[in-house]
Amino acid sequence: MKIRPALAVLTGAVALALSGCNLVGGSSDSGAAADSVTVTVALVPDPPGASEFYRQQLDEFEKANPGITVKVVENPSDQQLNAVELMFQQNRAPDVFRAQDDGMDRMAARGWIAALDEFVTPDFLKRFPEGTMDPATSGLHRDGKLMSLPLVWGQWSSLRVFLYNEDLLKKSGFDGPPETWTELEQMAAKVTADGRGKYFGYAPFSAKAPATEMLAGTAVPYSVAAGGIDYRTGKPATSSPGLVESVELHRRMQAAKVMTPGWESWDGSRAFKEFAAGKLAMYPSPPWHVAEIRKLSPEIKLGITGLPVPASGRGAYLARKQSFSPLWSMSSQSEHKAESWKVMDFLSSDAFHKAYYQKFGTLTALEGAWKTEAEKNPDQAAILKVAEETLRRAPNPALASKGGQAITQALAAKPDLKYTDAAVSSIVKNQPFAPAAAKLDKDLQAFLDKTSAELKAKGQEGSAKDLTFAGWDPLKDFTPGG
Amino acid sequence: MNRILRRNVWHLLLIPLCLVWVYPFVWMVSAAFKTPKEMLLGGLSLLPDDATLDNFRRAWTTAKFSTYTANTVTFSVTVVVLVLLVASAAGYALSRPGLPGKKILAAVLVATMFIPHGYTIIPTFVLVNGLGLGNGLLGAALAQAGPALVVPVLLFMGFFGGVPKELEEAARMDGAGYLRTYWQVMLPLAKPVIGTVALMNFIGAWNAFFVPLVFTLGSPDLRTLGVGMYGFYGQDTTDWTGLAAAACISVIPIVVVFLFLQRTFVEGIAGAVKS
């Protein structure tokens with residue numbers, strides 16, 4: 001008796017296996033030439049189009065470096081760290097990989113990152129803006145060693161801008177954006193009323209209401225707005241009046257139905273879509289939204305300015321905690337460190353950064369690659385102006401001391417101690433925020449005390465002292481050690 | 001007349017419901033032909049103003065969906081082969097009367113159905129890696145096929161249990177041993193169950209996400225279509241039109257397979273229920 005289907009399936013599977021469809025696996029470098037060193041680069045294909053861009057750029061690199069083949073391994077942003085960790089655990093680590101901020105620390109803690117100091121020359125350092133590669137403030141150094149190289153402009157991740165639709169504001173009789181929170185509340189109410197459901201005056205950018213943090217950053221030190229601790233005292237300060245008022249401002253607007261309905265479920269990119277569609281008049285935003293709005297709606301009359309400040313006056317500037325965010329790291333297990341460095345050197349070259357800027361409009365770490373061009377672009381010129389006016393260097397405990405690093409890492413691992421959920425709950429349920437803030441402060445203090453005691457018991461540094469920068473004025477540039 | 005009117009009223013009520021039901025799927029196909037601007041700002045319209053194939057090109061070449069499609073075929077076929085071989089053999093053995101501990105084995109099998117994949121994924125991963133199969137799709141297929149065996153075993157068990165004893169005795173009289181009876185007599189009779197199990201597991205493997213995700217995390221070249229979808233999500237933005245095109249590439253083969261095999265599937269289920 002014949003069993004045709006089973007045989008057909010079996011034959012198919014064998015054929016697939018034999019045709020090299022990865023059934024039982026094989027050498028990953030089988031495509032590389034025998035006399036060529038293969039450098040594996042694990043990256044994130046972000047933003048859209050980056051896959052092609054990286055391949056083209058690395059093809060150029062290969063042409064200029066005939067002995068080196070670059071193999072690109074792409075992972076989605078969410079999976080990059082897990083994927084790279086797994087590759088290390090399977091002894092197939094990439095030579096160069098993308099790991100940002102906490103991710104870089106996570107990799108470094110496992111001993112998987114090679115220090116780059118042996119490769120760096122004075123000429124290489126000169127590519128970066130003056131003073132930005134100082135180990136105390138670069139953001140790329142750990143324990144004085146260079147552990148990563150950046151891709152984007154140092155101020156990019158710290159900067160927040162206020163975006164407004166000039167046409168919608170004009171329709172309601174406003175010539176310019178709000179300068180204070182009071183004006184923001186009044187203008188948003190009027191625009192929403194005039195919009196009659198077709199457009200709205202204001203929305204808080206995304207479901208977690210980071211707008212409360214963005215606006216609070218003009219009233220209280222960044223550390224209060226970001227994590228509830230005042231770095232001037234080293235003490236919990238979630239109940240600072242500036243932070244509480246930022247939440248209350250949003251609560252009032254929500255109760256008055258001024259904000260776009262449904263913002264409670266928005267993801268991080270919904271606000272720019274609403275804005276580009278002409279349904280949202282104003283919102284505080286990270287700067288990358290500007291390019292996305294322009295892609296979707298090049299003709300929109302987009303205004304870019306600094307965030308409104310409390311009516312009583314500015315209490316703080318946005319914080320530049322480090323010169324750069326880490327991005328490219330070299331594996332400590334790489335067998336081709338010299339070749340890997342050549343790839344990293346290329347990824348930090350003027351030519352690559354210029355190409356990246358031209359392709360994506362992103363301001364990169366090498367200002368020389370784009371500054372002249374950016375100043376001619378109205379949107380980018382406005383972003384640069386806002387950065388100049390509203391950003392100031394601020395203390396960063398993670399860079400200042402090992403204790404600071406330990407205690408900030410412990411705090412980062414306790415997101416329930418951050419006020420975000422309580423703030424959103426207060427806004428949505430229309431309940432006062434102050435009692436929740438007071439409770440959070442107590443919980444934060446208890447956590448700091450407990451963590452300090454635990455670190456001390458292990459013979460490690462880390463206490464409220466490491467979070468204290470007594471002389472810091474959040475209205476002025478901070479000088480480490482000064 | 002009244003009956004015709006009543007039927008038409010029902011149709012009038014159900015057609016909009018049906019449109020609502022299929023709208024997301026049709027919208028996904030439509031979005032695959034739109035520009036990002038039109039997709040994000042163009043509202044709910046289904047016909048693209050400026051239709052483009054660029055999304056498919058990007059998904060197929062740049063996002064490597066050509067590789068992922070080949071991987072998914074390999075993975076799904078391997079899962080089906082593994083499930084058919086093991087489930088039919090186990091089902092045959094468990095259907096024989098007098099097998100010691102048969103009830104306990106069946107009970108243990110059923111109990112394992114209730115253990116979520118997440119609880120067993122780490123030991124499974126360690127085991128597959130220990131077998132030296134961590135760098136190919138066979139390891140992922142083994143991990144996928146293992147927990148997928150319970151229902152097929154029960155289906156085969158039910159089917160073989162219903163085959164008259166005389167048939168087996170006749171085969172034995174003709175000189176066939178245990179394995180030959182299973183392979184040459186019983187298995188060909190089980191075609192409807194084979195069809196059902198093959199289709200169910202092919203669809204399951206084709207759409208699988210968790211197991212292929214874990215097993216291809218460190219080996220992106222092995223990704224299947226379901227896992228490859230994640231590549232369209234960037235840190236800040238998502239390539240929605242590329243994602244829609246990729247979804248079309250992923251879903252169309254499985255729809256075609258189902259259309260071709262739906263009769264086998266329905267007959268198999270009906271047969272299994274009857275037996």
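pLDDT is the predictor's confidence in each residue, on a scale from 0 to 100. I begin there, colleagues, as what I present today is a predicted model, in which local features need pLDDT of at least 70, side-chain atom pairs count only at pLDDT 80 or more, and totals for chains, interfaces and linings use all residues. Residues are numbered from 1 along each chain as its sequence is written, chains are lettered from A and ligands numbered from 1 in the order in which they are written, and side-chain values use heavy atoms, with hydrogens and water left out.

Confidence, then. Chain B has a mean pLDDT of 86, and 95% of its residues reach 70 or more. Within that chain, the highest confidence belongs to helix H4 (residues 65-95), at 92, and the lowest to helix H14 (residues 240-274), at a mean of 78. Helices here are DSSP runs of H or I with at least four residues, strands are runs of E with at least two, and both are numbered from the N terminus. The scores of the model are ipTM 0.73 and pTM 0.81.

Next, the annotation. UniProt, in an unreviewed entry, places "domain: ABC transmembrane type-1" at residues 69-261 of chain B; such positions follow the numbering used here, feature names are shortened, and annotations may be inferred rather than shown by experiment. Over that range the chain is 75% helix and 0% strand, with its end C-alpha atoms 20 Å apart.

I turn to the interface. Chain A contributes 44 residues to the contact and chain B contributes 41, contact meaning heavy atoms within 4.5 Å. About 3,900 Å² is buried between the two chains, 62% of it from carbon and sulfur atoms; this is the accessible area (1.4 Å probe) that two parts lose on being put together, summed over both. Two salt bridges are counted between chain A and chain B, each defined as a side-chain nitrogen of Lys or Arg within 4 Å of a carboxyl oxygen of Asp or Glu. Lys71(A) and Asp221(B) form a salt bridge, at 4.0 Å from N to O. A network of salt bridges also links Glu52(A) with Asp54(B), Arg57(B), Arg58(B) and Asp239(B).

Over all chains, the structure holds 29 salt bridges. One of them joins Asp105(A) to Arg142(A), with the closest N and O atoms 2.6 Å apart. That pair links distant parts of the chain, helix H4 and strand S4 (residues 141-142) of chain A, 37 residues apart. Asp105(A) counts as buried at 14% relative accessibility, and Arg142(A) likewise at 13%; buried means under 20% relative accessible area, exposed over 50%, and partly exposed in between (1.4 Å probe, protein chains only). In chain B, Glu168(B) and Arg96(B) meet at 2.1 Å, N to O. Here too distant parts are linked, Glu168(B) lying in helix H9 (residues 165-173) and Arg96(B) in the loop between H4 and helix H5 (102-112), 72 residues apart.

Finally, helix H10 (residues 241-255) of chain A. Its 15 residues should span 21 Å at 1.5 Å a residue, and the end C-alpha atoms are 20 Å apart, which agrees; the expected span is 1.5 Å times one less than the number of residues. How enclosed is H10(A) by the rest of the structure? Largely so, because eleven of its 15 residues are buried, including Leu243(A), His250(A) and Met253(A). Among the elements that these buried residues pack against are helix H7 (181-195) and helix H20 (434-457) of chain A. Just after H10(A), Lys257(A) takes a positive phi of about 55°.
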